[in-house]
Structure formats: C-alpha cells, structure tokens
Amino acid sequence: FVLSLRDMVGSGRYPGLREGGPGFCPDLTAADPSAALPAAALACTYVGLEYALGRFAHASPGMRARDVLQSIVILSAPAVWHLPAGVFFYWIPASLTGMLQRAVLRTPAVRRAAG
C-alpha cells in the first residue's frame, strides 16, 4: 500500500501535491527535509504494535512476534526516510486511528454493548 501511495505522490499526475502541503512541508512529492514525518510515522507504528501486542508480553510466541515486528519497523527507517512526504499524511493518521479504535474497542462498556 505504501508503494502505491509513493507512486501516486511521485508520479506527477497530481500537480497540486508539489505546492499543496502545509507550511513546514509544502512539496508533498519530495522527502521531508526535517525527517519529522518519517520519525513520527515509525513511532506511531512502533507504539501501535506495542499497544496491540503488548498483552502478549508474557506469552513467549506472542512476545517473539511483537519483537520481530518492532525490529522490522526500526530496521525499515533508512528506506522510510526517503519516501515522499505525502505518504506520511496518510500513514500517521491511519496509525493513530488504529490505536484509537483499539482503545475504544477494549473499553468494557463498548465490549458489553457489542456483545
């Protein structure tokens, strides 16, 4: 999915992406020069995995899976740093939405209402 977004943002078919970004990152087709967006995306993904799989911390296979996935996130940093900034304007909200959804679905009231 990230590859599809990268191709869409970098294709040039959407000229508004070259000057349509926020003030700190106006060109969404170029990599973020501050590296704040890739760092935030990786942090959100790492924390999301911890939150989603943290309950398996005491189970050996679950702990190994969590550790492997989080290692992949960390090791992917050099490749992620060079992605167009526009990719992160999807990635970060999607990660945050997933964490919020997990938090809501774990509340006892929601679980009771859902049956």
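In this chain, 64% of the contacts with a separation of 6 or more are made by residues 24 or more positions apart, where contact means heavy atoms within 4.5 Å. Keep in mind that this is a predicted model, in which local features need pLDDT of at least 70, side-chain atom pairs count only at pLDDT 80 or more, and totals for chains, interfaces and linings use all residues. Residues are numbered from 1 along each chain as its sequence is written, and side-chain values use heavy atoms, with hydrogens and water left out.

Let us look at the overall build. The chain has seven helices and zero strands, so its pattern along the sequence reads α-α-α-α-α-α-α; both kinds of element are DSSP runs numbered from the N terminus, with helices (H or I) needing at least four residues and strands (E) at least two. The C-alpha trace spans about 45 × 35 × 25 Å along its principal axes. A compact globule of 115 residues would have a radius of gyration near 13 Å, yet this chain has 17 Å. That radius is taken over C-alpha atoms, and the globule rule is 2.2 Å times the number of residues to the power 0.38.

Next comes the surface. Of the 115 residues, 30% count as buried, meaning under 20% relative accessible area, while exposed means over 50% and partly exposed lies in between (1.4 Å probe, protein chains only). The chain exposes about 7,300 Å², and carbon and sulfur atoms supply 68% of that area.

Now follow helix 6, which covers residues 85–105. Its 21 residues should span 30 Å at 1.5 Å a residue, and the end C-alpha atoms are 31 Å apart, which agrees; the expected span is 1.5 Å times one less than the number of residues. Among the buried residues of this helix are Phe88, Trp91, Ile92 and Met99. Serine 95 also sits in helix 6, and it counts as buried because its relative accessibility is 17%. Leaving aside residues up to four places away in sequence, serine 95 touches Cys44 and Thr45.

Finally, visit a loop. Alanine 35 lies between helix 2 (16–19) and helix 3 (36–53). Although alanine 35 is not a glycine, it has a positive phi of about 65°. Alanine 35 counts as buried because its relative accessibility is 14%.

Conventions
Accessible areas come from the Shrake-Rupley method with a 1.4 Å probe; for residues, only the protein chains shown count as cover.
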